Amino acid sequence: MTDTTISPRGGVPERPSLDGLEETWARRWQEDGTYAFDRTKERSDVYAIDTPPPTVSGELHMGHVFSYTHTDTVARFQRMRGRTVFYPMGWDDNGLPTERRVQNVYGVRPDPSLPYDKDWRPPAAPVDDAARKNPTAISRRNFIELCELLTVEDEKAFEALWRRLGLSVDWSLTYTTIGSAARAASQRAFLRNLARGEAYQAEAPTLWDVGYGTAVAQAELEDRERPGAYHRLRFTGPDGREVLIDTTRPELLPACVALVCHPDDERYADLVGAAARTPVFGVEVPVRAHPLADPAKGTGIAMVCTFGDLTDVTWWRELRLDTRVVIGRDGRLLPEPPAGVPAEPYAALAGQTVNGARRTLVELLADAGDLVGEPRPITHPVKFYERGDRPLEIVSTRQWYLRNGGRDAGLREELLARGRELRWVPEHMRHRYEHWVGGLTGDWLVSRQRFFGVPVPVWYRLDDAGEPDWSHPLTPDEAMLPIDPTSEPPTGYEESQRGEPGGFTGDPDVLDTWATSSLTPQIVGGWETDPDLFARVFPMDLRPQGHDIIRTWLFATVARSHLEHGALPWHTAVLSGWILDPDRKKMSKSKGNVVTPMALLERNGSDAVRYWAANGKPGMDLAFDPAQVKVGRRLATKLLNASRFALGLGAADALRAAATQPLDTAMLAELSGVVATATTAFDGYDHTAALMATEAFFWRFCDDYIELVKERAYGTGPAADSARAALATALSVQLRLFAPVLPFVTEEVWSWWRYGSVHRSPWPTTYEVGRAMEAPGDPELLRLAADALGQVRRAKSERKLSMKADVPLAEALGPAAVLDQLGTVADDLRAAGRIAKLDLLPDRTTELVIACAF
């Protein structure tokens with residue numbers, strides 16, 4: 001690697017400024033191909049990053065700026081270490097977030113029963129709340145086209161922000177999760193899972209979001225505290241015995257299929273194996289025992305309904321109970337009662353929402369005398385889809401599943417072993433992975449009843465009665481991918497046979513967005529389409545991501561790679577923390593405490609914002625602090641001004657010369673230690689420690705070394721040459737140390753006096769710094785000189801004198817050995833302090849004291 005690959009030196013400007021650097025250098029980097037991936041390099045020379053594709057469903061926020069800055073520091077460091085960096089950018093543009101955004105922006109809803117209208121046009125501007133509440137129904141194809149239209153516009157805005165932030169992405173590698181390559185890769189992986197028996201279809205109780213109208217997976221759940229109430233219901237046992245049941249969901253009474261108690265609960269031991277009758281409906285249900293029943297909860301005996309929660313599903317499955325479904329996919333009670341439930345009392349509930357049915361049934365219970373006491377208010381956790389706003393229901397549906405170890409102990413252990421094989425930064429994040437894998441209760445539900453996604457690539461034969469043959473799906477050849485079975489017929493069939501007896505039907509579902517995002521290494525790496533590229537980048541080196549999606553994105557990617565390739569998809573995972581508001585609460589749109597970044601970048605400069613972001617370590621949360629951003633701008637400004645000053649002394653022409661004077665070698669010796677510290681930190685993915693070490697040295701360099709040496713550097717002769725040589729090396733090294741965090745200002749200064757780009761220049765080494773010294777230096781000497789100069793400055797300040805005021809006499813007191821050291825830099829100290837006469841008085845004090853006489 002050389003530093004002479006692009007643009008020539010530009011010279012030091014008369015008035016350097018941070019303003020406009022982002023536009024200038026973003027354009028130059030793109031024109032010069034500064035960050036282009038070199039696909040001729042061997043795998044050992046490649047550093048491949050599996051970049052998180054942000055969800056294109058609104059604005060990027062400070063959390064994105066935070067985590068993507070961290071990744072960019074890694075990319076820049078590795079590039080300067082001589083690796084060709086494979087650094088793509090993707091847009092996660094399919095799935096529910098995009099659909100919801102389109103519905104809100106344009107006031108539409110998809111209706112698959114409507115025909116495609118080629119003349120339909122969306123509103124010219126975003127609609128109002130009234131239009132959102134009464135959306136216009138459009139065909140599935142019209143809706144998908146609208147999704148595609150909006151995501152293209154969102155992606156342009158996202159790219160503009162990333163370029164403004166200075167991400168060193170190779171933009172020629174950009175991909176989308178709804179693009180042709182992603183659809184083909186996702187469908188290919190699914191078909192191979194199906195062929196190996198890892199993907200399967202089943203009719204089963206399914207977590208269902210009634211707002212979105214789709215099934216959701218275990219990984220997408222979250223508990224939210226919601227108000228509720230315990231209702232005590234009177235069941236009738238054998239011989240008229242009263243059996244009291246506490247429930248928060250009395251509306252599910254017509255779905256009751258059993259009562260369950262703990263096997264060791266003596267209160268109900270004589271009831272087990274008998275039957276009880278439900279209030280209001282009078283349906284006889286068995287009483288069974290199961291260890292999941294909690295004797296301390298409520299009355300100790302519970303009703304099992306199909307289905308109120310996941311425990312009901314477990315009891316239903318393990319006790320082999322009947323099924324009585326009463327809640328439909330729209331979240332309302334079905335129009336007809338389940339088998340065995342009397343129609344007359346059920347009629348009052350039919351078609352009602354869950355809340356409405358609850359109120360009605362409570363009234364019926366009270367009228368029948370079977371509601372014991374008043375409902376008791378409680379607050380309890382209720383399961384929601386993480387993006388939804390209505391509690392989940394459990395309905396019986398046919399869905400596609402992918403084996404993930406939830407029901408296969410052998411596969412679970414294999415995936416746990418993969419987690420141990422992976423390098424985690426920070427290491428403790430591995431426990432979150434293990435906790436998730438160990439706690440899986442079922443396989444991964446990957447089908448969704450939505451529209452803007454990757455279609456499930458199968459069809460089904462229809463028998464003579466027009467019923468699908470679910471057990472023998474028709475699959476396409478991989479060469480046909482990507483395909484849409486709702487608009488393309490399978491091989492051997494004509495489109496006219498769609499939906500006809502003896503013909504076929506396409507699977508109407510799409511794959512979960514994570515089923516595509518879990519293949520990002522394969523999608524961007526050219527799996528099966530570009531074998532040469534894939535061999536150079538897979539397995540990748542780095543997966544950067546948030547710790548909150550270990551259970552979804554990280555685990556799913558590990559599982560897919562394990563099943564397809566028998567290997568990890570990457571060697572290292574670096575986890576980011578959350579961004580907190582000044583009150584240390586997590587930033588989120590729902591809380592209204594989100595800060596959007598573009599205005600901040602424009603006002604303070606991208607380097608300043610990156611500086612704030614880089615102060616957050618991997619895995620650690622960071623509070624958004626505008627004051628810290630201002631510190632970053634001050635640092636960038638100081639870097640401009642200090643560089644201009646050093647270059648104005650002639651440092652540019654002394655770069656290859658050696659430093660000979662004690663103070664100069666002392667400074668370079670300390671700098672060598674900083675290089676070692678920063679390099680070790682970056683190797684360990686600790687950009688914060690690297691920045692802290694570099695920044696601390698830089699301020700000492702400006703405040704102490706430059707002040708001590710500038711008078712000498714203005715002069716001529718060997719001592720002046722030494723100062724300029726030291727300044728040149730120090731400036732060159734510090735620009736490169738800062739470059740991963742402050743790319744714009746470092747590139748600007750580099751262009752004044754060096755050829756090429758600082759970001760294509762070699763990372764500094766201790767050998768390089770050592771070579772710039774004629775003899776080894778002692779870092780303590782610089783600290784000693786700085787201490788002495790600081791005492792002189794304080795003396796002037798206490799007397800309210802200018803720092804330029806002359807000091808007729810200064811006496812240095814201290815141990816003889818200390819003064820001997822100080823004597824080697826006495827000339828620099830006298831010049832910096834404007835001291836006319838400096839006397840060294842050994843062994844008068846135990847520590848260095850500079851006494852000034854005015």
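This section describes sheets, helix packing, cavities and a pocket in a predicted model. Residues are numbered from 1 along each chain as its sequence is written, and side-chain values use heavy atoms, with hydrogens and water left out. Because the model is predicted, local features need pLDDT of at least 70 and side-chain atom pairs count only at pLDDT 80 or more, whereas totals for chains, interfaces and linings use all residues.

An open sheet of mixed pairing is formed by 3 strands in the order 28-27-29. Helices (H or I, at least four residues) and strands (E, at least two) are DSSP runs numbered from the N terminus, and two strands pair if DSSP finds at least two bridges between them. Strand 28 (835-842) and strand 29 (849-853) are the edge strands, each pairing on one side only. From one strand to the next the twist averages 20°; axes are lines fitted to C-alpha atoms, for helices over the stretch in contact, and angles run from 0 to 180 degrees between N-to-C directions. Strand 27 (residues 807-814) and strand 29 run antiparallel and are joined by 5 bridges, and Leu-813 has Val-849 in strand 29 as its bridge partner.

Two helices accompany this sheet. Helix 24 (residues 779-798) lies across strand 27, strand 28 and strand 29, at about 35° to strand 29. Helix 25 (residues 816-823) packs on the sheet and touches strand 27, strand 28 and strand 29 (contact means heavy atoms within 4.5 Å); the direction of helix 25 makes about 150° with that of strand 28.

Helix 24 also meets helix 20 (residues 687-713), and the axes of the two helices come within 10 Å and cross at roughly 85°. Helix 20 and helix 24 are therefore roughly perpendicular to each other, where angles under 35 degrees count as roughly parallel, over 145 as roughly antiparallel, 65 to 115 as roughly perpendicular and the rest as oblique. On the helix 20 side the contact involves Asp-703, Asp-704, Tyr-705, Glu-707 and Leu-708, which meet Leu-782, Ala-785, Ala-786, Leu-789 and Arg-793 of helix 24. By class, this contact of helix 20 with helix 24 has 6 nonpolar, no polar and 4 charged residues. In this classification, Ala, Val, Leu, Ile, Met, Phe, Trp, Tyr, Cys and Pro count as nonpolar, Asp, Glu, Lys and Arg as charged, and the others, Gly among them, as polar.

Another open sheet has 4 strands in the order 8-7-16-18, with antiparallel pairing. The edge strands here are strand 8 (214-215) and strand 18 (444-445), each of which pairs on one side only. Strand 16 (residues 393-402) pairs with strand 18 in the antiparallel sense over 2 bridges, and Leu-402 stands opposite Trp-444 in strand 18. Helix 7 (residues 310-318) lies across strand 7 (199-209) and strand 16, running at about 135° to strand 7.

Strand 9 (residues 221-236) pairs with strand 15 (residues 376-385) in the antiparallel sense over 10 bridges, with Thr-379 in strand 15 as the bridge partner of Pro-227. Strand 9 is also joined to strand 10 (residues 242-247) by 6 bridges, and these strands run antiparallel. Arg-232 has Asp-246 in strand 10 as its bridge partner. Strand 9 and strand 10 form a hairpin with 5 residues between them, and Asp-239 in the turn has a positive phi of about 60°.

A search of the whole structure finds 3 cavities of 30 Å³ or more. On a 1 Å grid over the protein atoms alone, a cavity is a set of points where a 1.4 Å probe fits but cannot get out, and a pocket is an open set with protein on both sides within 12 Å along at least five of seven lines; lining residues have an atom within 4 Å of a point. Grid points are joined across faces, edges and corners, and a volume is the space filled by probe spheres set on the points. The largest cavity has a volume of about 80 Å³. Among its 13 lining residues, His-70, Thr-71, Val-74, Val-574 and His-687 are the closest to its centre. Helix 2 gives the largest share of this lining, 4 residues.

The second largest pocket holds about 670 Å³ of space. Its lining has 25 residues, of which Arg-140, Ile-144, Asp-484, Thr-486 and Ser-487 are the closest to its centre. Helix 5 (residues 140-165) supplies the largest share of the lining of this pocket, 5 residues.
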